[in-house]
Amino acid sequence: MAPASRKVRVAQVGLGRIGSFHAETLARRIPDAELAVVVDPNGELARTIGERFEVPWSTSYDEVLGDGDIDAVLLASPTPLHADQLERAAAAHKHIFCEKPLSLDPALAASAVRAAREAGVKLQVGFHRRFDPDFRTVRDRIDDGSVGDIRFFRATCRDMQAPSLQYLQSCGGIFADVTLHDFDVARWLVGEVSEVYATGAALSDPAIAEVAGDVDNAVVVLRFANGALGVIDNSRASGYGYEASLEVMGSRSTVRIGAAAQRVTGVETLAGASRRSDIGTDFVGRFAEGYVGAVAAFVRAVATDSDPSPTGQDAIAAFALALAAQGSMGTQRPVKVDELAAGVGHER
Ligand SMILES: NC(=O)c1ccc[n+]([C@@H]2O[C@H](COP(=O)([O-])OP(=O)(O)OC[C@H]3O[C@@H](n4cnc5c(N)ncnc54)[C@H](O)[C@@H]3O)[C@@H](O)[C@H]2O)c1
């Protein structure tokens, strides 16, 4: 726990697409947080961002772990590095906010979560949609009973354009990288998933299949343990903009996050017998409030010595669904999640 008299001092580790936004959040958007240092092996980038926020910068993660004045690390480095950095932070008694996924190896993820628990440090995972006001409203309507018994869940997440091939080669594939958020939302809103069927295709760029061995468009059919059904569709390259929409159909009402939530302003342009509204182009624009809310919740948990959420087990459970989807796409058969769960450290 940080001393009550001062802000929670957080090191931002990794300063790419999402890490640079988190750095700004820690520097400017959360009164109880202090951006203590920014770290990236790309020294030019670390220096630029350090100077922008007038904080020290470093290319050495070890230096940060050795600094007794730092309370926590926010890990936004490439996915394959998370588990090791997480374990080392736990050993150095730093609280940890880790971007998803924790690891591409379920055994390493389970070991990292165990290390944090045994060290007594807090661990929160970057499932920011749980902090988006629209997604929270859907959850509130489910909790207050107004949706009733859930029968159908539908989620769409589409990027406007695919990230770099370098990113695609290290991110673990579309299910571990993109669908993971939809899997987390599915569990959070509806409950545990018992069966997954997935299919996909590389349609926008042959290099996604040939170089990254991945697909860029995917559909996942879900069967939940409580009997509800679900469908998730994802695209790396919608072309038209960024979209994260959702629908939960229940026995009493249906709640939907639709077109209006994708707009960047409430302004419409009417011309040439058509109506146009501008939609966002990326996840940071769409989910800025969610990202800030997630980091603010982590800082609050550290400051008040309370349990953060979503937890490491939430990350492990969502990743088990990503593995099930990957397996299903490979075999073109539905996969029972329980058959995989024991092997991925998921404690039900
Ligand atoms: N929650 C979300 O919505 C969300 C969105 C984007 C990315 N992510 C996750 O965040 C992570 C980073 O993704 P990104 O899109 O920002 O990637 P990116 O490639 O844009 O940035 C990664 C950064 O990490 C730096 N880096 C490399 N090795 C490092 C090390 N040893 N220590 C510290 N930094 C190191 C790189 O130099 C780079 O600046 C990934 O795990 C990704 O899954 C989450």
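Modeller: A crossing of two helices is called right-handed if the near helix is turned clockwise from the far one by less than a right angle, and left-handed if it is turned anticlockwise. The model discussed here is a predicted one.

Biologist: Then which hand does the crossing of α8 and α12 have?

Modeller: Helix α8 passes α12 in a right-handed crossing.

Biologist: At what angle do the axes of these two helices cross, and within what distance do they come?

Modeller: The axes of α8, residues 174-189, and α12, residues 312-331, cross at roughly 120° and come within 8 Å. The two helices are therefore oblique to each other.

Biologist: Which residues meet there?

Modeller: From α8, the residues are F175, A176, T179, L180, F183, D184 and R187. They meet D314, A317, A318, F319, L321, A322, A325 and Q326 of α12. Sorted by class, this contact holds 10 nonpolar, 2 polar and 3 charged residues.

Biologist: Now to α4 and α5. How do their axes run?

Modeller: Helix α4 covers residues 82-91 and helix α5 covers residues 106-119; their axes cross at roughly 15° and come within 9 Å. Angles under 35 degrees count as roughly parallel, so α4 is roughly parallel to α5.

Biologist: Left-handed or right-handed, that one?

Modeller: The crossing of α4 past α5 is left-handed.

Biologist: And what does the contact between α4 and α5 consist of?

Modeller: On α4 there are A83, L86, E87, A90 and A91, which meet L108, A109, A112, A115, A116 and A119 on α5. By class, the contact has 10 nonpolar residues, no polar ones and 1 charged.

Biologist: Let us move to the whole chain. What domains does the assignment give?

Modeller: The domain assignment gives domain 1, made of 8-129 + 289-310, and domain 2, made of 134-281 + 316-344. Their C-alpha centres lie 26 Å apart.

Biologist: How many residues does each domain put into the contact?

Modeller: Domain 1 supplies 13 residues and domain 2 supplies 14. On the side of domain 1 that touches domain 2, 10 residues are nonpolar, 1 is polar and 2 are charged.

Biologist: Where does the ligand lie relative to the domains, and why?

Modeller: Domain 1 and domain 2 both give residues to the shell around the ligand, so the ligand lies between them.

Biologist: How many residues surround the ligand, and which are the closest?

Modeller: The ligand is surrounded by 26 residues, and the closest are G14, G16, R17, S77 and E99.

Biologist: What classes make up that shell?

Modeller: The shell around the ligand has 13 nonpolar, 8 polar and 5 charged residues.

Notes. Residues numbered from 1 in each chain as written. Predicted model: local features only at pLDDT ≥ 70, side-chain atom pairs only at ≥ 80, totals over all residues. Near = placed C-beta within 6 Å. Nonpolar A, V, L, I, M, F, W, Y, C, P; charged D, E, K, R; others polar. Domains from an automatic or database assignment. Axes fitted to C-alpha atoms, helices over the stretch in contact; angles between N-to-C directions. Helix = DSSP H or I, 4+ residues; strand = E, 2+ residues; numbered from the N terminus. Parallel < 35°, antiparallel > 145°, perpendicular 65-115°, else oblique. Contact = placed C-beta atoms within 7 Å.
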